[in-house]
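Here is a quick tour for someone meeting this structure for the first time. Have a look at it, then read on.

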Amino acid sequence: MATAPFQTTTLLWSQLTLSLSPIRPSSISGKTRKFHLRASSGSSRYKTQRWVKFQTEGERLKSTFVNVAGSDDDECSSVDNLEDKEAIPKLPEHDYAGTPYVPVYVMLPLGIIDMNCDLVDRHNLIEQLKVLKSINVDGVMVDCWWGIVEAIAPQHYNWSGYRKLFQIVHGVGLKLQVVMSFHECGGNIGDDVHIPLPRWITDLGQDNPDIYFTDQEGRRNTECLSWGIDKERVLRGRTAVEVYFDYMRSFRVEFDDFFVSGTICEIEVGLGPCGELRYPSYPAKHGWKYPGIGGFQCYDKYLLKSLQKAAEVRGHLSWARAPENAGCYNSWPDKTGFFRDGGDYDSYYGRFFLKWYSKVLIDHGDRVLALANLAFEGCKIAAKLSGIHWWYKTASHAAELTSGFYNPCNRDGYAPIAAMLKKHGVALNFTCVELRTMDQEEVFPEALADPEGLVWQVLNAAWDVCIPVASENALPCFDREGYNKISENAKPQNDPDGKHLSAFTYLRLNPELMEGSNFMEFERFVKRMHGESVPDLNCLVGRSLPESQEPPFRLPSEAY
């Protein structure tokens, strides 16, 4: 098996967290069983894996570690030997027994409905949903893809596969969060299928490519429609927001029975790329790589016309342009004249441009959510924001600025968005709640990322205006360290007002989640989110070596 370059099997507490799930008595049958034992350092995205064998000896459970550098049969250390005179560090965990109940949902696979709007792998799905129900998961989230449902012609909707799916979910006894996905799927982290925008939209784009967001090089991003056409009748006689409204209204009529029964408990309205309210400022398809600052996406003729009008109103026609010294997708802030400390982002022109750029984002959310409230009257509605955490520790917050969040160090860019959501009674769904700042510093310290600071700012901006806040993880998470971070954000300790998340949605249902030890860890997480007690708080996680014996740790080269 592929291994990382460890020279010893004893884990360093200072560098690695050993997440060992408890074994239920029902899982011990007298036979040798293999479970994954994860040793994670930094983000859950970069993990080394080891195998551990468990074997029963009468009433006693014997466990043997397998040498990372050797074969699966090389025994090198035993859990039994951990009872040592040396102190054994414990993973600090809060006890959430008796705390508020936070519902837990699980996102379904992106390709659960195919391009013909047929349900994929029905029998396997039913079994997986029953397993989720058995550990008291509250429900599932599914994307309703515009590119599937209205694929052929305007206002010709095919909901057949979704009806079959919803009937199964209802039969199992789970709730549904449904996403109105007005974006393309494919090309982003975690995308394993390709679902383009409707064919009739892409046909229109051939003749009028300005319906898409455009960068400074003139490259079109077909992931979603430009907000510049929200009020332009360029889509076969309809504006973009009219197209979105007709789609949402058709969904509401088609699935009225699931709304009445309470199976559909929330609608999340897609507002941009990946369904998030942001500009597509860091597209991998155009060469962006982390931690590039991204690029402004306002070069289609409709947004340029809006910018020119704003400059005229301001009385400075020369400001009717995007910044010319903002670098490229993979620039770093200090290498650009616009984003560097003391740069043009804080000049009179810079403040004008960034205010306009972020206002376009907020106005788009305002228009679409107003229509969503008409279509889904009486149903909970949510909107998702992305966690742009890199360069958060710089003055300009460059990656946030290119994404449309006007949030430099001297301005709160999320309060106006929270106020807009409050106006429509819409909940905020925020990502990256599992990420730890310390881990980001270990993996890529040059990015000056601070996901914890960003999460704190955004969640409090929403709580300050008293709107519900939900969240989801940004990257796959299977380890206790990540789950503990989610729980800490979900239920802040010592908050005088008892603030907590309204729900959490796990990214995403897949075979790896359903593996034995991973699933046990997930079940434990669900219990804690529900405010139930778990028997293994502060479990043993590893032992420190004397300083002279501490092995070096490096991420595998392919992780970078």
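## A strand on the inside

Let's start with strand β7, residues 139-145: seven of its seven residues are buried, so the strand is largely enclosed by the rest of the structure. Keep in mind that this is a predicted model.

Which way do the residues of β7 point? G139, M141, D143 and W145 point one way, while V140, V142 and C144 point the other way. Both sets are buried. In general, side chains in a regular strand alternate between the two faces of the sheet.

## The neighbours of β7

So who does β7 pair with? Two strands come up here, β6 and β8.

| Partner of β7 | Residues | Sense | Bridges | Facing residues |
|---|---|---|---|---|
| β6 | 104-107 | parallel | three | Y105 and G139 |
| β8 | 175-181 | parallel | seven | V142 and V178 |

## Over to a helix

Now for helix α13, which covers residues 480-490. Is α13 mostly enclosed or open? Ten of its eleven residues are buried, so α13 is largely enclosed by the rest of the structure. The buried ones are R480, E481, G482, Y483, N484, K485, I486, S487, N489 and A490.

Take a look at the start of α13 too: there, a side-chain oxygen of D479 comes to within 3.2 Å of the backbone nitrogen of E481. E481 is itself one of the buried residues of the helix.

How values were computed:
Residues numbered from 1 in each chain as written. Predicted model: local features only at pLDDT ≥ 70, side-chain atom pairs only at ≥ 80, totals over all residues. Heavy atoms only, no water. Buried < 20%, exposed > 50% of the residue type's maximum accessible area, 1.4 Å probe, protein only. Helix = DSSP H or I, 4+ residues; strand = E, 2+ residues; numbered from the N terminus. Pairing = 2+ DSSP bridges. Polar contact = N/O pair within 3.5 Å; in protein donor to acceptor, adjacent residues only side chain to side chain.
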